[in-house]
Structure formats: structure tokens, C-alpha cells
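Thanks for coming. Please take a moment with the sequence and the structure before I start.

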Amino acid sequence: MATSVRIVGVGATPVGRLGRSAEELAEAALDRALADAGMARGDLQGLIAVPSLSNPTFMQAHQLATRMGLLPRKRMIVRTIDTGGAGPITSLGTARNMILSGWTDTVAVVASDAVLSMDREAFRARADESVRGSGLPSPAIPHGYDRIAQWHMRRHGVTREQLAMVPAIFSHFAARHPDAMCRRPFGVAEVLASPRVAPVTNVLECARRADGAAALVVASSSHFRRHFQKPLELCPAIVSTGEASGPLYPPAEIDEDLFSCERAARIAFETAQLSVRDIDFFALYDCFPICFLRALEAVGCCPVGGAGEFVERAWRKLSTHGALAPAEFPFNLHGGLACFGAPWEVPAMYGVLEAVAQLTGRAGPDRQIAPKPRRALVYGNGGIFSASAVAVLGDGVY
């Protein structure tokens, strides 16, 4: 049995309007992750993929594995996982469990999509269909998150400006990342002046539609020691994972039972025998500002109802000094969904890649937290608070 599971390779394509299919992008990202791990396609024993919106296929992981010549092979486990935006983190936990169960020694996880290259109306129709039966006006997903944002404003006193501060902060971080779609910082006034999508949601607060793919390879520690030349310090461990579920879309009456990230985080912390005080970097899903605010509260960075003030303190500091050092606000230093780019179910993978960069000291001088983090927490959210998946990476009990 493996004593730990490590991320031994990562890879990604550019993000933007790429004019390539989701399958082509997945293949490119996976080959880059394999190259980073020093592996060939034939070395893989498992593959997990999340579905794409732009090119949905039956058993998507099997489709990709067959396309890449990974099947037919006797020792190959292939699985498609759909928990929405939580998919990459769910897949990370599944890959870890497959290895710890002794089924396989190496597993790749890949997510890809090409939603920016889709026709705008076709994208909207498919996105609306994903929450069929919700009764929400189109665009349904922004309106669903908007309902929850309005509830938070009434219940916890979150202000419209505090919501707008989330993408404004992350635009400053994205401008430091060479691959991010947002190339210049913007302020709260610009967010509030951007076109309205729903009553308290504007365009610059929405996950930014993009094409792109990202992949990673995980391996058992025993297999790593036998077969890899890569330094161990460049391969963070998957310390623990946790998952929980909520409804596909908000019920008529919103209450605290809607949210599942708290339980997912609690499971991940308890399994790792760690707490929020042991985490040095956080990649928290921020498809809309309310998702990030809830995540801050769920993982214990601030009390329930306190996330708006937490973000406002950071924004005031950034506004006063013109910048935030990575260690001052160690969240989504790649820029998050609204500013880095969001190819449908891929973005949580970008959070993992940023966590790996931080943990291995390879994030670059503009983004690297100093001293180098020991542990990171990554969170993926699917649907409209429908699926929560949390993983702790780095050092810990495993």
C-alpha cells in the first residue's frame, strides 16, 4: 500500500480564444503534464477526466483515452467525473483513493473546454440547460448566484461594494501572471460600471469565459521512489480531501442548509489532523464574488458573515499602498475565475497548479509567498453551490 500520493507533474495550455476543440486541448495539457513528470503516455495506469460543455461526449475520459492510444490496455482505469466546477478536486481525491487502494500507481487528471470559441447564444443555452428546472431567468447560473448574494446582503450585511472588491483585488493578481486573460488591474468603480447581468451582479464579477485545459499526474510515494528522478520537494503530497453536496439550484427559501463547503472543509481538515491555521495558501473558487466570500467563511478564515469586511480590509490596504504582497492576501494569486479565465469546469485545476507553484517555490518573484508555503488548500464548487470538494496539499499527516 502507498503511504502517500504526490503530484509529480502538471501541465496547461494557454487560456483565451484558442480555436481548438476541448479534446485537442486536453491532449496537449496531458502531454505537458506527462513531460513535466518525466513520463510517457504508456507509463500511465489511470486517467480521470471531467466533461466539457463545448464538446460533450459519452464517457468523455474513455473517448480521450482511446484517442490518445491509452486504451485498450489491461492495466488502465479510466473514469469520467462530473461534479461541475468541483470536478478537478473531486478527481484529485478519486485519483488519490485509487492509488491508496492499490488499484494503480499513477493516475492523470485532465480538464478542458473551449467555451469562448462557442457561439455566445449556444453557450448560454447549454449553460442554462445545466440547471434545468430551476425557474431562474437566463442567464440562469449568474441569476442563481445573484439570489444568494442578495440573501447574504440582507442576512449578513454584505455590501454591493464589498462584492465588487473581490474581482478588483484579483485583477491586480492576474496582472502579475503571464498566462492570465486579465492584463490590467481595475477598481471597484469599474466593476460597478460594467454591464449588469443580474440585479447585484455585473459582467466583471462573472467567471470569464475561456478556452483552455490543465492536467496533472499523481503517483504513489513508493512508485515515485522507484521510478522518478524529480526532486521530492517539487512533488507536493495530496494530504487529504473532503466532499459534500447541496441542491442543483437554490430552493425557494434560502438558508444555511444550502451550503456544503463547510462540511467538505471540515472533512479535509479532520482527515489531515490540521486546521485553517496550518494553511499558508488558499485557492478558493470564485466564479462569482459570493462564492469566494462563502468559501472564506467555510474554511475558517473569518467568521460566518464576516467575509465582506475581511475583503474590504484587503481592498483598503491595496488601495492605500497600490499593491498587496502575496503573503498579505494569500488567496488565488493566479487571479481566480473572473480574471485568470474560466473554461467551464477547468478552473479549480488552475487553483491546484497555482498551489503546486507556491508549494514548490516556483510561482515567480511577483506571486511567490515568502517564506515558501508548507501547505495549501484548494476548493472547487460545482453548479450553484451544488458540489463542494476540498483538498489539502503539501506537508501533513498521511
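I begin with a term: buried means under 20% relative accessible area, exposed means over 50%, and partly exposed is in between, with a 1.4 Å probe and protein chains only. This is a predicted model, in which local features need pLDDT of at least 70 and side-chain atom pairs count only at pLDDT 80 or more, while totals for chains, interfaces and linings use all residues. Residues are numbered from 1 along each chain as its sequence is written, and side-chain values use heavy atoms, with hydrogens and water left out.

First, the chain as a whole. It has 13 helices and 11 strands; these are DSSP runs numbered from the N terminus, helices being H or I with at least four residues and strands E with at least two. The C-alpha atoms fill a box of roughly 55 × 45 × 40 Å along the principal axes. How does the radius of gyration agree with that of a compact globule? For 398 residues the globule would have a value near 21 Å, and the protein chain has 20 Å, which agrees. That radius is taken over C-alpha atoms, and the globule rule is 2.2 Å times the number of residues to the power 0.38.

Of the 398 residues, 62% count as buried. Contact here means heavy atoms within 4.5 Å. Among contacts between residues at least 6 apart in sequence, 74% join residues at least 24 apart.

Now two residues and their surroundings. Arg160 is in helix H6, which covers residues 160–174. Arg160 counts as buried because its relative accessibility is 15%. Neighbours within four places in sequence aside, Arg160 is in contact with Met153, Leu192, Val200, Thr201, Asn202 and Glu205.

Leu204 sits in the loop between strand E6 (201–202) and strand E7 (211–220). Is Leu204 buried or partly exposed? Its relative accessibility is 23%, so Leu204 counts as partly exposed. Without residues up to four places away in sequence, the contacts of Leu204 are Pro167, Phe186, Glu190, Val191, Ser194 and Ala338. Between the C-alpha atoms of Leu204 and Glu161, which are 43 residues apart along the chain, the separation is 13 Å.

Next, charges. Side chains of opposite charge can pair when their charged atoms come close. A salt bridge is a side-chain nitrogen of Lys or Arg within 4 Å of a carboxyl oxygen of Asp or Glu. By this rule the count is 16 salt bridges.

One of them joins Arg41 and Glu27, at 2.9 Å from N to O. Arg41 lies in the loop between helix H1 (22–37) and strand E2 (46–49), and Glu27 in helix H1, 14 residues apart. Arg41 is partly exposed because its relative accessible area is 26%, whereas Glu27 counts as buried at 18%.

A salt bridge also forms between Arg75 and Asp105, at 3.7 Å from N to O. This pair links distant parts of the chain, 30 residues apart. Arg75 counts as partly exposed at 45% relative accessibility, and Asp105 is buried at 18%.

Arg374 pairs with Asp395, the closest N and O atoms being 3.2 Å apart. Arg374 is in the loop between helix H13 (347–359) and strand E10 (375–382), while Asp395 is in the segment after strand E11 (387–394). Arg374 is partly exposed at 46%, and Asp395 counts as partly exposed at 33%. Finally, salt bridges with shared partners join Glu23, Glu27, Asp31, Arg41 and Arg67 into one network.
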